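Subject: Structure for your files

Hello,

Here is the structure you were waiting for, with the sequence. My notes follow below it.

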Amino acid sequence: MRTHPRAVAPRGSGTAGPGPPGLGGAADGLLLALKRAAAALRDAGIGYALAGGFAAYAHGAAVSTHDVDFVVRPRDVQAALDALAAAGMMHQQSPENWLEKAFDGEQPIDLIHTPSGRPVDDELLGRAEELAVGAVFMPVLPATDLMIMRLLAFTETACDFGGFLHVGRALREQVDWRRVAAETAESPYAYAFLTLLARLDVIGEDVL
């Protein structure tokens, strides 16, 4: 549910003025790697969208990330790795079966193809919005899809809500919370997070 207009530009191209000042620290290096990787995927004609912490940042949340996350279709993973390799990035084998990892120097880039057991498809990529990230327009997952993806990633051994509460607060007006609740209904951890947001008056009790 989009609540206000978004800047639109041709997919993965162009700039949005001078852009924000440097993010500082490790985030500056990650942002440069993000833009290099996005350009490589764009130039190779691979469908992708920015996800994770930088996608939340593009929607207005504070920067809080330790890597760069893109979603790609499972069938495009090898082509995406080849495109990143052609740009000088190195593939590293990942023990997880839902993503592949690459490195731009020391900066990690995750290519997520099956988040929480749900393969990335044309429908998900088709919902991506063209937003400016570091003064470069690229497809970014909508706030609702970001929230669903993150809530489904909570598990018994990975259930620290503290690092994601600020995202819920920052993006609350951009999120279709009823859809989030419906698509994460099977997860008790997602329900607990939504209950916490309701108790904090970030969302309405009627969402649950």
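Between which two strands does the loop that holds Ala135 lie? Ala135 sits in the loop between strand 6 (129-133) and strand 7 (136-140). Helices and strands here are DSSP runs (H or I of at least four residues for helices, E of at least two for strands), numbered from the N terminus.

Before the rest, the basis. This is a predicted model, in which local features need pLDDT of at least 70 and side-chain atom pairs count only at pLDDT 80 or more, while totals for chains, interfaces and linings use all residues. Residues are numbered from 1 along each chain as its sequence is written, and side-chain values use heavy atoms, with hydrogens and water left out.

Overall

The protein has eight helices and seven strands. Its length is 208 residues, and 48% of them count as buried. Buried means under 20% relative accessible area, exposed means over 50%, and partly exposed is in between (1.4 Å probe, protein chains only). The accessible surface of the protein is about 9,900 Å², and carbon and sulfur atoms make up 54% of that. Accessible areas come from the Shrake-Rupley method with a 1.4 Å probe, and for residues only the protein chains shown count as cover. Among contacts in the protein with a separation of 6 or more, 69% are between residues 24 or more positions apart. A contact means heavy atoms within 4.5 Å.

Two strands are said to pair if DSSP finds at least two bridges between them. Strand 2 (residues 68-72) pairs with strand 5 in the parallel sense over four bridges. Strand 1 (residues 48-51) also pairs with strand 2, in the antiparallel sense and over four bridges. Ala51 has Asp69 of strand 2 as its bridge partner, and Phe70 has Leu111 of strand 5.

Strand 2 is largely enclosed by the rest of the structure, because five of its five residues are buried. Val68, Phe70 and Val72 point one way from this strand, and Asp69 and Val71 point the other way.

Strand 5 (residues 107-112) is mostly covered, with five of its six residues buried. Strand 4 (residues 99-104) pairs with strand 5 in the antiparallel sense over six bridges. These two strands form a hairpin with two residues between them, and Gly105 in the turn has a positive phi of about 65°. Ile109 of strand 5 has Val68 opposite it, and Ala102 stands opposite Ile109 as well.

Helices 5 and 6

How far apart are the axes of helix 5 and helix 6? Helix 5 (residues 143-153) packs on helix 6 (residues 162-171) with the axes 11 Å apart and at an angle of about 155°. The axes are lines fitted to C-alpha atoms over the stretch in contact, and angles run from 0 to 180 degrees between N-to-C directions. The two helices are therefore roughly antiparallel to each other. Angles over 145 degrees count as roughly antiparallel, under 35 as roughly parallel, 65 to 115 as roughly perpendicular, and the rest as oblique. On the helix 5 side the contact is made by Ala143, Met147, Arg150 and Leu151, and on the helix 6 side by Phe164, Val167, Gly168 and Leu171.

Leu171, in helix 6, is buried with a relative accessible area of 0%. Not counting residues up to four places away in sequence, Leu171 touches Ala56, His59, Gly60, Ala61 and Ala143. Leu171 and Met147 are 24 residues apart in sequence, and their C-alpha atoms are 9.0 Å apart.

Three loop and end residues

Asp76 lies in the loop between strand 2 and helix 3 (77-86). Asp76 is buried, with a relative accessible area of 13%. It touches Ile46 and Gly47, leaving out residues up to four places away in sequence. Asp76 and Ile46 are 30 residues apart in sequence and 6.9 Å apart from C-alpha to C-alpha.

Most residues other than glycine have a negative phi. Ala135 has a positive phi of about 75° although it is not a glycine, and Ala135 is buried, with a relative accessible area of 13%. Asp201, also not a glycine, has a positive phi of about 65°. Asp201 is in the segment after helix 8 (188-199) and is exposed, with a relative accessible area of 63%.

Regards
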